[in-house]
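Open the model in your viewer and keep the selection tool at hand. The stops below run one at a time.

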Amino acid sequence: METGGGMFDIFLPIAGIHFNALILLAIGFAVGVLGGFFGVGGAWVVTPALNIFGFNMAYAIGTDLAHIFGKSIVATKKHGKMGNVDVKMGLVSILGSVLGVEVGARTVMWLTAKGEHVVGPVVRYSYMVMLFGLGFYMLYDYLTKDKRAAAKAAAAATMPPGQVPEKKYWNIPPMLSFPTSGVRISFWTIMGVFFLTGWLSGFLGVGGGFIRMPALIYLVGCPTAIAVGTDLFSVVFTGAWGCFTYAAKGRVEIVAALIMLVGASVGAQIGVTAVKYIHGYGIRLLFAIMVLLAGASVALKQFDVGKAAAYLVMCSALAMCLVIMVQMARGFMKERAEKAAGPGASAHK
Amino acid sequence: MKKAVVALAFVLAHFFSRLCAASEGLDVPEALERKVPLDGLTGLSRFFASTYNDNLTLYAVICTVIMAIVGIVIAYGTDVILKAMGMEVHKIEHKE
């Protein structure tokens, strides 16, 4: 399905197709909102969307990575201003992830040597287990948060005054401090976590944003908003490399990437601002839903319903954008009403 | 911190060179030898297409640099615009 003949129809010389510029802007906008809000690149939304509208798959991946690079700069800058980027943590994450990706890629090569009939299903089923496992765990975490908070409060109440509950950490030296995230953690623990996320990223052949973000929350202990911003900071580097390597192979349609970047930049402003109004557990809940829908899409693909899988991802992304924008608008209105009522009004609540 | 950045740069350089070497076998010759017809193209489209035809590495550098510049310009530009509109963001309290 090539979009052509309309008022906003443009010719994309590298991909060799006619395409509607408004569709490019809309795809960019949608993934900009999701990327800014969840701290992910969003390749799992853009690639099938471009493919549905007529892009050859190779050009869809390359063009997507190019626009992700530009968009992550815009979103990271804004997250940085809101104090959501832990640069030190981001740099350590890149170091650990790079090593993990290398081992993950080698694992795939080892499986490939065993035969194409082995590697394809192993990777696809692992991807599904990963997405459904992560999604259901985050959903469970959200649903039981009040119960856990009550148990924690009850435990604290039974303790003698001044004593705090003991926390279990592997304090193997050297210890690293991350003041922005408020985390002090062993170098080996953090390298292990990022090595694991990198390995998954290399093994599954994905950017890894959706794996790193929950890992930062659950395994490292970052606040959700900082996990989002720090993950985007890492995406800047992976996106830059993705853009370069795909362009060097002739697979980046730069005109389309630039148009998508404009849409994504507007969307990213909304997505990042929404983090201000939707707090930690709200972000985790929406992320869990999105990950489960992505898992359903991979399952559809596995059962040879590729077109339905792409439409499912696109529709889910659009619906999630709408939810984020509505929640942001509600938060904004509430904040404005509180400001109008004066500082005393919120203090009396 | 400087030592960490140098070590990171070294690991990244090593990793990327390994990736380049590994991805050589994945290139599809037709895609690399493909030439974009320049007939009817003008302005930026013609510039991109002719660079693509002449030197893919230069095209890759141009793509990466352009995306970075446009990203930075938009990031700082929107900052200025939003500030002028009174919608500037500040550090937020991290609530779970």
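Start at A:S72. Setting aside neighbours within four places in sequence, A:S72 is in contact with A:L232, A:V235 and A:V236; contact means heavy atoms within 4.5 Å. A:S72 sits in helix α3 (residues 57–81) of chain A. Helices (H or I, at least four residues) and strands (E, at least two) are DSSP runs, numbered from the N terminus. Is A:S72 buried or exposed? A:S72 is buried, with a relative accessible area of 0%. Buried means under 20% relative accessible area, exposed over 50%, and partly exposed in between (1.4 Å probe, protein chains only). Now show the backbone of A:F69: its oxygen lies 2.9 Å from a polar atom of the A:S72 side chain.

A note before moving on. This is a predicted model, in which local features need pLDDT of at least 70 and side-chain atom pairs count only at pLDDT 80 or more, while totals for chains, interfaces and linings use all residues. Residues are numbered from 1 along each chain as its sequence is written, chains are lettered from A and ligands numbered from 1 in the order in which they are written, and side-chain values use heavy atoms, with hydrogens and water left out.

Zoom out to chain A. Its secondary structure comes to 13 helices and four strands. Of its 349 residues, 55% are buried. Take the contacts between residues at least 6 apart in sequence: 75% of them join residues at least 24 apart.

Next, select A:R330 in helix α12 (residues 306–341) of chain A. A:R330 is exposed, with a relative accessible area of 56%.

Now the strands. Select β1 (residues 9–12) and β2 (residues 17–20) of chain A, which pair in the antiparallel sense over four bridges. Two strands pair if DSSP finds at least two bridges between them. A:F11 stands opposite A:H18 in β2(A). The two strands form a hairpin with four residues between them, and A:G16 in the turn has a positive phi of about 70°.

Move to β3(A) and strand β4 (residues 183–186) of chain A. They too pair in the antiparallel sense over four bridges. A:F178 has A:V183 as its bridge partner in β4(A). This hairpin has four residues between the strands, and A:G182 takes a positive phi near 70°. In a regular strand the side chains alternate between the two faces of the sheet.

Last stop: the interface. Show both chains. Here 50 residues of chain B are in contact with 56 residues of chain A. The area buried between them is about 4600 Å², with carbon and sulfur atoms giving 73%. Buried area is the accessible area (1.4 Å probe) that two parts lose on being put together, summed over both. Highlight B:M67, B:V89 and B:E96: in chain B these lose the most area to chain A, together 16% of what that side buries.

How many salt bridges link chain B and chain A? The count is two. A salt bridge is a side-chain nitrogen of Lys or Arg within 4 Å of a carboxyl oxygen of Asp or Glu. Select A:K77 and B:D79, whose side chains meet in one (2.9 Å, N to O). Finish by colouring α4(B), which gives the most to the side of chain B that touches chain A, with 19 residues.

Key:
Polar contact = N/O pair within 3.5 Å; in protein donor to acceptor, adjacent residues only side chain to side chain.
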